[in-house]
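Please take a moment to look over the sequence and the model below before reading on. The paragraphs that follow begin with confidence and then turn to the arrangement of the chains.

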Amino acid sequence: MILAADPLLVDGIDLTVVLIVLLKAGVAFALLLVAVMLVIWFERKLISDMQNRIGPALAGPWGILQTLADGIKLFFKEDLLPTRADRVVFRLAPYLSIIPAFVAFAIVPVGGDFSDGGDGTVSMFGRSTFLQVADPPVGVLFFLALSAVAVYGVMLAGWSSGSKYPLLGSVRASAQMISYEAALGLAIATVFLSSGSLSTHDIVVGQSATTWNVLATGIVPFGIFLIAGTAELNRPPFDLVEAEQELVGGFHTEYSSIRFALFFLSEFMNMITMSAIAVTLFLGGPAGPIVTQRVAWVWPLFWFFLKVMAFLFTFVWLRATLPRFRYDQLMDLGWKVLIPAALGWFLLIATLDVAADLGWPTIPVVIVGVLVLWGGASLLSGAVRKAQAERLEEADRGADETAGSASGLGEA
Amino acid sequence: MSDYLRNWLTLVVFGGVAVLLVGAFLGLGSLVRPSRQTSQKAVVYESGVDPQGDMWSQSNIRYYVFALMFVLFDVEAVFIFPWATRLEVYDVFGLVEMAIFIFILALGLFYAWRKGLLRWI
């Protein structure tokens, strides 16, 4: 096991160390804010291309400054506070929504050379350090905790508004987010099996030594993570939280001015962080096929942002392609498909790892494992189908009886 | 201070800067924006008509049930994560134990399923 510790913080702390930490924090904030600005523009432009229209085109070249213009406009808008709102909680909710979004990005390693057994350190002002703001030993757990705190932001925003649409939106949101968080956590647990650590840095180092986790865990957890992550972000096709056609704006209907902008920012920031976490956990973080000697420090950053871009593109693509789920379909997918699948796959991978550790022959173990999983799944789906048939039968009988009594009444 | 705590300290500093930044946004907003409140503006939005009745309404009990089930699965993560990082130390013993644990957990889920708690319509 590699004990995670940023070499910067191991020795005594002097002024240089403090300055480097502050510099990293400042760069991370600037990066996030600029990235959010560009991602919003990217999404609008891409969606408009997919829908055969032009999209933002006036502010700056290709409309790239549109987000900035919108942001400045929102600064100058009147801030309204509904009379029926709970004033304290109403003001607190945007903080609870955006601060986890900011802080979660701190654990993502964005660069550093991980090729050929490199440990990802870079030297900065004569000190060696990791290219991430912090590397707590339980980094991934920290990320999960923050995404749980973000639920509070959404829930309290809706609850405190004193209005019906936000309340409905927030109740939906909390149920949806916690449901998919369970699936998300179980998909991530499979990564821990192959990495043996909860630190994001160690997970990336582990992947550079062997294969990327997307293959090492057999793709299924990656798929579950992607679906659950989309739902966790309340992105289409899982955007029932703010389904315009039924809930107006969902939990942020009553918010205006800069408070509304904060919710909007946190939504896109979460999207970036979720992509970055997916890259870190499953796709080898900043590792990439081409790393030249000349400008070696650029390549890891390039590969990292390329991978993140691929995810962002996927999120926008999903929005342009898929219609919204119905709420019961959403919950069914989460609880009846993703969670059992994640649990089963987790046990399968654990068994394979232990078998490989003990030197058991791989192929029979794989066959037996897959057979057991398949048997379990078919038993389960058989039971579900039987229950469904029984229910339909009962409903039919019930319908017949009411029809019979109705006709009886008619005769009398 | 140990290395362990120093990483967390970095995060606390980062979070503090985030709070300040958000506060600065809100403060700047309150300086530049106009404020001409009328009682009509403070009425909650309800499709353009005056809001009917109270905001409090009964919501489906199922939301609550799902919250309870989430607690079940979240607590379970506390047991699964440490074991997953220490897989090779406990080997077959740990695997069998975990299989039994997950089986019992899954029984809970299937019980709720059979009871129809996962059904929305």
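**Confidence and a helix pair**

Among the elements of chain A, helix 9 (residues 220–232) has the highest mean pLDDT, 91, whereas helix 1 (residues 7–10) has the lowest, 69. Over residues 407–412 of chain A the pLDDT falls below 50, and this stretch makes zero contacts in the model beyond near neighbours in sequence. Where pLDDT is low, the predicted coordinates should not be read in detail. This is a predicted model, and across chain A the pLDDT averages 83, with 93% of the residues scoring at least 70. Chain B averages 81, and 96% of its residues score at least 70, while the model scores 0.87 for both ipTM and pTM.

Chain B is divided into domain 1, residues 1–32, and domain 2, residues 61–121, and the C-alpha centres of these two domains of chain B lie 36 Å apart.

How do the two chains meet through a pair of helices? Residues of helix 6 of chain A, including Val171(A), Ile178(A), Leu186(A) and Phe192(A), meet residues of helix 2 of chain B, among them Phe66(B), Phe70(B), Ile80(B) and Trp83(B). By class, the contact between helix 6 of chain A and helix 2 of chain B has 17 nonpolar, three polar and three charged residues.

Methods. Residues are numbered from 1 along each chain as its sequence is written. Chains are lettered from A and ligands numbered from 1 in the order in which they are written. This is a predicted model: local features need pLDDT of at least 70, side-chain atom pairs count only at pLDDT 80 or more; totals for chains, interfaces and linings use all residues. Side-chain values use heavy atoms; hydrogens and water are left out. Domain bounds come from an automatic or database domain assignment. pLDDT is the predictor's confidence in each residue, from 0 to 100. Contact means heavy atoms within 4.5 Å. Helices (H or I, at least four residues) and strands (E, at least two) are DSSP runs, numbered from the N terminus. Ala, Val, Leu, Ile, Met, Phe, Trp, Tyr, Cys and Pro count as nonpolar, Asp, Glu, Lys and Arg as charged, and the others, Gly among them, as polar.
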